[in-house]
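Reader: I am new to this structure. Could you take me through it, one question at a time?

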Amino acid sequence: MSLHVHIARLATPASTLVSGLSLTIAPGTVHTLMGDSGSGKSSVLAAICGTLAPELVFEGEVQLDGVHIDALPTQARRVGILFQEDLLFAHMTVRENLLFAVPRGVQADREAQVQQALVDVEMSAYLHANPATLSGGQRARVALARALLARPRALLLDEPFSKLDTALRERMRTLVFALVKARAIPALLVTHDAADIADPALCTHLQQRGQ
Amino acid sequence: MVQQHTTPSSSPPAAFLLLAAVALPLVWSLWGAVAAGLDAPAWASLLHDPQTLRALGLSAWTGLLSAALATALTAWILRTPHRLTRWLAPLLAVPHAAFAIGLVAVLAPSGWILRALSPWATGLDAPPPWSTTQDPWGLGLIAVLVAKEVPFLLWAALAHLQRPDVAQRLQQELRLAHTLGYSASAAWWRVGWPQVLPRLTAPLLAVLAYSLTVVDVALVIGPTTPPTLAVLAWQWLQDADPAMNAQGAAAAWLLAGVLLVCAGAIGAAFRAPLWRLRWTRGCAASTAQQAHSSALTSAGVLTLLASVYVAVLMALLVGSITGHWPFPQLIPDTFTWAAWQSVLGSGGTLWTTVWLALASACVALAWTVAWLEWAPPHWQRRTQPLLTLPLVLPAVLWVVGLHRLALAWGLDTTGAGLWLAHTLACLPYVLLALQGPYTGFDARLRQVAATLGHGPWTFLLQVKWPLLRSALCASFAIGFAVSVAQYLPTLYVGAGRFATITTEAVNLAAGGQRSLTAAFAWLQWLLPVLVFALAARLGRSQWKTP
């Protein structure tokens, strides 16, 4: 499963944010997108997963394994995303947050998937915990497990490590990259930090327009 | 970064005096209401009265159904973002009684709907003997309560949802739910609404209390044989026989008990495991069409609601200048200003309404500002249930306590007593409206002013209050509107010696003076709207946004 993105033009009513960007991300690899604030990095991710603000104009295409997905609504694209904030739902426990992401099916199978996901992110002791009682690193791992439980065909990472301290950041980065590789899905990481780059050969710098 | 509220200006002695000034009449009234309910023979006669059970059933039916429908419609409208706020102030400003009178003019057998359909569609050439208003099932009452409570709940929800931190977080969570496979609608019901609902606990309780215990609206459009229990209690309280008065007080307490039980049951239902199972059962396939149609339906509900308000206000306006108007003519034969001349001729009524509302709103606002400025935060939290008590106690029970307070303090039948009753009614609304903006004010600005050498009063007069001008003006307008809409306290504490446009409108609604009733009801809406408009103008920022 590879992700191909071509952005001819991504623009606000006032200015062009990104133009002429083409990326092809192979399964199991993490491509990094770097750039200054306001260079349109997060808008690129929004264009891929279909959550672009209505006032933004997107001209281009997004393909997963050669199939165009840019006409599909967000919920049908099956592109997962991790934000800077963990965005765990405060009204649900860890288990419920994870079950929320598992597609409808036999309940026992869904519960088993949740437990396995928690094992994968080393959080199995926290199945029934309230997200508010978890540390930042623990919450980030639950958010990662949730994103992967929806069986995404690609994963977008919108500065998910930026709020973690140095040690946690390293650990989380290793975990994410390992899981992306294990699931054989393409991932696109947006970051400000050069230390996050998985492979220097797979890195694109976005220039702020006008610079 | 969200700044925590700190009150370097906290002054416990001043706050204590402020609290005493309000807590004393509140507790006294509450005790008066309690004492009125401690009459065993009154309870026995209440329980043996043949009307009690049916009236109680009607109250529960109309109150619970209208509160449930209002909540469901609010959630439905909130599913999709609208530019709602600009519509809410004029809708909120319509008093319940005025709305009920206007809806009667639309729905009555001689009202606008049947005139528009007659005789070509209905074959009617005279008003039919149908119970389209004051129907025995309370459907008219339910319609008024739902239409009036939805804007209030929307306003309460948006006060929370429009906070920048909350709005951004919710938007991100909904977007995340989309990426996990959920449609916009499914994401709202499982992620958005469950997080909004707990924030609406207090407004929902107020809506439930109002719907179960309302008197003025039920007098205008509610069932009559029997009426709801609140109306029955009110009739008994006005009886010349003290034994019937005691029975009325017992009925008011029975309503309070029903309210408590209903609130508990609804709270338990909200926490039922069933909902949690629904949130987490996984997503089914969804389509773009589903999201589109739900957006349309949501806008449709809002448009329908706004249309009902426009129809009601038009009916009141035209009704106030209607002369000879035989059925089924859609347009009256003649128009006349006679009703408005009568209204303006009764200048005392208008003047009483205005001075009461101005005095009550001014004092409630001044007290609230002083309280929020001087009371330590933990005092504010702990006293909130007491200060908002008039919102959740059945009005018919509350006036029993207020009446006892007025009698004990020698304020019965006096303007001062009326002013006190109205101020106590306004105060919780003003407090709830101002609390968020006032306590959320960036505390760092006080430090900046201090480092520039300015004292606390300079900071308040030149920085804080000017920046909070919009919220202060809006809170005043809310207090003014609440005072204008008061019916029971005005009649009971004023002992019928003071007429306001609300008491006149509701009392006239039972008679046949259609034009005069409509004129008073229109004025009942116009006064708060003018004050809301003035508040919006005065509260407007001097800076224009690009």
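Reader: Which residues of helix 3 of chain B meet helix 7 of chain B?

Author: A word first: this is a predicted model. On the helix 7 side of chain B, the partners include L139(B), I142(B), L145(B), E149(B), L153(B) and L161(B). Facing them from helix 3 of chain B are W61(B), T62(B), L65(B), S66(B), L69(B), A70(B), T71(B), L73(B), T74(B), I77(B) and L78(B).

Reader: Are helix 3 and helix 7 of chain B parallel or oblique to each other?

Author: Helix 3 of chain B spans residues 50–78, and helix 7 of chain B spans residues 139–161. Their axes come within 8 Å and cross at roughly 45°. The crossing is right-handed. Angles under 35 degrees would count as roughly parallel, so helix 3 and helix 7 of chain B are oblique.

Reader: How are helix 22 and helix 23 of chain B oriented to each other?

Author: Helix 22 covers residues 444–451 of chain B, and helix 23 covers residues 456–467. Their axes lie 11 Å apart, at an angle of about 155°. The crossing is right-handed. Angles over 145 degrees count as roughly antiparallel, so helix 22 and helix 23 of chain B are roughly antiparallel.

Reader: Which residues of helix 23 of chain B meet helix 22?

Author: Helix 22 of chain B brings L445(B), R446(B) and A449(B). By class, this contact of helix 22 with helix 23 has four nonpolar, no polar and two charged residues. From helix 23 of chain B come F459(B), K464(B) and L467(B).

Reader: What is omega for the cis peptide bond joining T225(B) and P226(B)?

Author: P226(B) lies in the loop between helix 11 (216–221) and helix 12 (229–237) of chain B. The cis bond joins T225(B) to P226(B), and its omega is about 0°.

Reader: Is E159(A) buried or exposed?

Author: E159(A) is in the loop between strand 7 and helix 6 (166–183) of chain A. Its phi is near 50°, a positive value in a residue other than glycine. Its relative accessibility is 14%. Buried means under 20%, so E159(A) is buried.

Reader: What is the relative accessible area of R151(A)?

Author: R151(A) also has a positive phi, near 55°. It lies in the loop between helix 5 (136–149) and strand 7 (154–158) of chain A. R151(A) is partly exposed, with a relative accessible area of 42%.

Reader: How far apart are the C-alpha atoms of P73(A) and G50(A)?

Author: P73(A) lies in the loop between strand 5 (67–68) and helix 2 (74–77) of chain A. At 23% relative accessibility, P73(A) is partly exposed. P73(A) and G50(A) are 23 residues apart along the chain. Their C-alpha atoms are separated by 6.4 Å.

Reader: Which residues of chain A lose the most area to chain B?

Author: In the contact, 29 residues of chain A touch 26 residues of chain B. The area buried between the chains is about 2,500 Å², and carbon and sulfur atoms give 61% of it. Three residues together make up 30% of what the chain A side buries: Q75(A), F100(A) and R104(A).

Technical notes:
Residues are numbered from 1 along each chain as its sequence is written. Chains are lettered from A and ligands numbered from 1 in the order in which they are written. This is a predicted model: local features need pLDDT of at least 70, side-chain atom pairs count only at pLDDT 80 or more; totals for chains, interfaces and linings use all residues. Side-chain values use heavy atoms; hydrogens and water are left out. Axes are lines fitted to C-alpha atoms, for helices over the stretch in contact, and angles run from 0 to 180 degrees between N-to-C directions. Helices (H or I, at least four residues) and strands (E, at least two) are DSSP runs, numbered from the N terminus. Angles under 35 degrees count as roughly parallel, over 145 as roughly antiparallel, 65 to 115 as roughly perpendicular and the rest as oblique. A crossing is left-handed if the near helix is turned anticlockwise from the far one by less than a right angle, and right-handed if clockwise. Contact means heavy atoms within 4.5 Å. Buried means under 20% relative accessible area, exposed over 50%, partly exposed in between (1.4 Å probe, protein chains only). Buried area is the accessible area (1.4 Å probe) that two parts lose on being put together, summed over both. Ala, Val, Leu, Ile, Met, Phe, Trp, Tyr, Cys and Pro count as nonpolar, Asp, Glu, Lys and Arg as charged, and the others, Gly among them, as polar.
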